[in-house]
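This report covers aromatic ring contacts and strand pairing. The sequence and the model are shown first.

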Amino acid sequence: ACSDDYQKPPQIDEFFVANDAYAQTQVNVTGFCDATILSDSTKQYGGYWNGNLKLVLWERVFATGVITKYVYDGTVGRPDITYSGKDYHSCISLGQDSSGLIHVWYGMHSDQMRYRKATSINSVSNLGSNLGVMVVGNDAFEDQSTYPRAYNDNNGILYFTYRCNGTSGDGDQCLYVYDVDSTIWSAAIASDTNGRFVTGTSTNR
């Protein structure tokens with residue numbers, strides 16, 4: 001029986017329509033790409049690949065409902081960030097550190113790490129250069145990166161995890177933590193020096 005305490009979900013009055021999203025693969029909707037939207041106290045942020053295979057980041061201001069899109073196609077001072085179109089594993093992942101700065105990962109399926117930071121806090125209007133290796137000395141692990149996902153703990157500390165050091169059926173899982181004061185990523189506690197906390201098998205199962 002239904003509980004008497006059940007409350008109907010609030011009515012959604014506004015929808016964000018990505019009417020230019022790439023649709024020839026599942027890259028924008030696949031279930032394991034579940035960190036493409038995040039919110040803070042004033043804004044919501046998200047990302048997708050458009051029909052021209054370019055990265056689009058957007059932000060919505062809660063107070064006004066205004067949505068602004070930023071296309072990363074090499075114009076108006078933004079870098080050109082292009083989706084290969086090869087498969088649907090090339091997830092976009094967004095994270096936000098406790099200072100308000102947005103971090104973005106994108107376009108990796110057993111590829112070198114692709115990671116950028118926004119150039120200003122509480123905004124995705126522009127990104128800096130591809131920073132490549134996140135943890136110094138971890139090049140070999142980050143040369144085969146897939147399934148990026150960022151999240152915060154209850155204290156707002158930013159963590160990042162991804163499949164590292166391998167391919168399907170033969171990869172590990174790594175976990176990093178971000179220090180907002182030094183702006184440096186390092187291997188998280190309970191992982192080894194490479195950030196690895198799960199060691200994969202050599203059989204594809």
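## Aromatic cluster

In this predicted model, ring pairs join Trp105, Tyr115, Phe160, Tyr162, Tyr176, Tyr178 and Trp185 into a cluster. The structure holds 12 aromatic pairs. Among them is the pair of Trp105 and Phe160, which counts as stacked because the ring centres are 4.3 Å apart and the planes stand at 10 degrees, the cut-off for stacking being under 30 degrees. Trp105 belongs to strand β6 and Phe160 to strand β10 (residues 158-164), so this contact ties together parts that are 55 residues apart in sequence. Trp105 and Phe160 are both buried.

Trp105 also pairs with Trp185. This second pair is edge-to-face, with 6.0 Å from centre to centre and 70 degrees between the planes. The pair links distant parts of the chain, since Trp105 lies in strand β6 and Trp185 in strand β12 (residues 184-187), 80 residues apart. Trp185 is buried, as is Trp105.

Four bridges connect β5 with strand β6 (residues 102-105), in the antiparallel sense. Which residue of β6 is the bridge partner of Leu94? The partner is Val104.

## Four-stranded sheet

Another open sheet consists of four strands in the order β1-β2-β3-β4, with antiparallel pairing. Its edge strands are β1 (37-39) and β4 (67-72), and each pairs on one side only. The twist in this sheet averages 15 degrees from one strand to the next.

Strand β3 (residues 55-61) pairs with β4 over six bridges, in the antiparallel sense. Within this pairing, Leu55 stands opposite Tyr72 of β4.

## Summary of the contacts

Trp105 takes part in a stacked pair with Phe160 and in an edge-to-face pair with Trp185.

Note on methods
Residues numbered from 1 in each chain as written. Predicted model: local features only at pLDDT ≥ 70, side-chain atom pairs only at ≥ 80, totals over all residues. Heavy atoms only, no water. Pairing = 2+ DSSP bridges. Helix = DSSP H or I, 4+ residues; strand = E, 2+ residues; numbered from the N terminus. Axes fitted to C-alpha atoms, helices over the stretch in contact; angles between N-to-C directions. Phe/Tyr/Trp six-rings, centres within 6.5 Å; stacked < 30°, edge-to-face > 60°. Buried < 20%, exposed > 50% of the residue type's maximum accessible area, 1.4 Å probe, protein only.
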